[in-house]
Amino acid sequence: MTVHSYDEWSTLKEVVVGSGVRYDAHEVELSFKLFFHDVANSAFYYPTYGPTPEDGPAADRRRLKKRYVEELNEDVEELVDALEELSVTVHRPKALHGSVDFRTPYWQANCVPALNVRDQAVVLGDEIIETPPQVRARYFENDLLKPVFYRYFAAGAKWTTMPRPVMTDRSFDISYVSGQHTPAIQEVSAARTSPFDVGFEMMMDAAQCIRFGKDVIVNVSTENHALAVRWLQRHLAGKFRFHVMHRFADNHIDSLVLPLRPGTLLLRNPEVAEKLPAPLRSWDRIYAPEPTDNIFPQYEDDDLVLTSRYIDMNILSVDENTVVANSLFPDLIKVLESNGFTVVPVRHRHRRLFGGGFHCFTLDTVREGGAEDYFG
Ligand SMILES: NC(=[NH2+])NCCC[C@H](N)C(=O)O
């Protein structure tokens, strides 16, 4: 079947589940620091960023421990099994076959696998749209999804890639992290000048969007995001309406708000609800319970923690009554069950090290719902 997906909750028919194979390292350089700035500033982020590698030629490469990567991949395979048991067709990206260093005309990086497949592609109706990366190491990540996208293309999908950034240091609008939003604990050091500079470029992740039929809410916190949203609005005029939320979060919003069915939202806290577009403020709210430290593995100082503790509210809906949630956060499961949901529990241990929960690790390509007007 070709792609068809308009919302986050209707009956799921086909999905891509990411792969964490060979997730060996994080490269701590300018784009990574900008992207993870907020979580790095939180009290739960114990290691510091260390030296300022953007001043030198080589990035600061932080190895991920082998055991964590193996456990991650065990959990991902269990997610695949659970979805297949629910009669969902699961597609997989190509696994990374080794450590892949690459260079563009402007900079160099080391490839990460296509694990958080939510982040750099979105299905809007009958079209796959690849969004322009914000982290250098992710620049070629979507190439691992090409076999899946080509199959959908053969079946009739529209397939569009947004303009790709040159991504020099000066491509980034750093106003969000420069103390105007939250004070930077560690200075994000000055951008270097390059003959390839073109000024601010469109850069935004698909995971900054949440789909509600004809309407899409989207977080904009930088000029890079604003340019990307302008592109989306122009490209999809007459088909989708984008509702911009200014500085709702640093970037991704799927651990802040997730619609579980028409009229019901899963939210991190009441402040989130206040910032939503007016049509959503009348929807029922389910608040995620406060996660406690004991639901997470104990990490060491050299393990980079990349998410907030709210990452487990990043669940995947299989239909309007059924969700896949982390078995390691039973308090959330109880809250969902008491609201009438059937919860399929799947274990996910290292969500804070690999930057994503089950919503991030998946890209729903076929769901039953259509271009409904839920905001009307
Ligand atoms: N699509 C994703 N990768 N979402 C993950 C968002 C994590 C979010 N920044 C948090 O700390 O909770």
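Predicted model: local features only at pLDDT ≥ 70, side-chain atom pairs only at ≥ 80, totals over all residues.
Figure 1. The phi angle of Arg247 is near 50 degrees, which is a positive value in a residue other than glycine. For comparison, most residues other than glycine have a negative phi. His246 has its place in strand β12, and its relative accessible area of 60% means that His246 is exposed. Once the neighbours within four places in sequence are left aside, His246 is in contact with Asn219 and Val220. A further reference point for this view is Lys275, which is 29 residues apart from His246 in sequence and 8.9 Å apart in space, taken from C-alpha to C-alpha.

**Figure 2. Met167 in the loop between strands β9 and β10.** Met167 lies in the loop that connects β9 (158–161) with β10 (209–212), and its relative accessibility of 0% is why Met167 counts as buried. Although Met167 is not a glycine, its phi is positive, at about 65 degrees.

**Figure 3. The surroundings of Asp119.** Asp119 is found in the loop between β6 (108–110) and β7 (121–124). Its relative accessibility is 2%, under the 20% limit, and Asp119 therefore counts as buried. Not counting residues up to four places away in sequence, Asp119 touches Thr131, Arg138 and His252, and also Asp205, Ala206 and Ala207.

Figure 4. Arg92 belongs to the loop between β4 (89–91) and β5 (101–103). With a relative accessibility of 27%, Arg92 counts as partly exposed, because this value falls between the limits of 20% and 50%. If neighbours within four places in sequence are left aside, the contacts of Arg92 are Val17, Gly18 and Ser19, then Val76, Glu77 and Val80, and finally Val148. Arg192 stands 100 residues from Arg92 along the chain, and the C-alpha atoms of the two residues are separated by 38 Å.

**Figure 5. The largest nonpolar core, with Leu115 among its members.** The largest nonpolar core holds 38 residues, and those that touch the most other members are Val15, Val17, Leu79, Leu83, Leu115, Val324 and Phe354. Two or more residues of this core come from each of the elements β1 (12–17), α1 (30–35), α3 (66–85), β16 (316–319), β18 (342–346) and α9 (351–354). Of these elements, α3 gives the most to the core, with eight residues. Leu115, when residues up to four places away in sequence are not counted, touches Gly18, Ser19, Gly20 and Tyr23, as well as Leu72, Val76, Glu141, Phe354, Cys360 and Phe361. A second, separate core has 36 residues, which include Val272, Leu276, Leu332 and Phe341.

**Figure 6. Val343 in strand β18.** Val343 is found in strand β18, and Val343 is buried, with a relative accessible area of 10%. Leaving out residues up to four places away in sequence, Val343 touches Val323, Ala325, Ile333, Leu336 and Glu337. Val318 is 25 residues apart from Val343 in sequence, and the C-alpha atoms of this pair are 9.7 Å apart in space.

**Figure 7. The whole chain as the setting of the close-up views.** The chain has nine helices and 19 strands, and its C-alpha atoms fill a box of roughly 55 × 45 × 40 Å, taken along the principal axes. A compact globule of 376 residues would have a radius of gyration near 21 Å, and the 19 Å of the chain agrees with this expectation. Buried residues make up 61% of the 376 residues. Among contacts between residues at least 6 apart in sequence, 75% join residues that are at least 24 apart. The accessible surface of the chain comes to about 14,700 Å², and 52% of this surface belongs to carbon and sulfur atoms. The chain carries 40 positive and 54 negative charges, and the mean positions of the two sets are 3 Å apart.

Notes:
Residues numbered from 1 in each chain as written. Heavy atoms only, no water. Core = buried A, V, L, I, M, F, W, Y, C linked by side-chain atoms within 4.5 Å. Buried < 20%, exposed > 50% of the residue type's maximum accessible area, 1.4 Å probe, protein only. Helix = DSSP H or I, 4+ residues; strand = E, 2+ residues; numbered from the N terminus. Contact = heavy atoms within 4.5 Å. Rg over C-alpha atoms; globule rule 2.2 N^0.38 Å. Areas by Shrake-Rupley, 256 points an atom, 1.4 Å probe, with all protein chains shown as cover. Lys, Arg positive; Asp, Glu negative; His and termini not counted. Charge placed at Lys NZ, Arg CZ, Asp CG, Glu CD.
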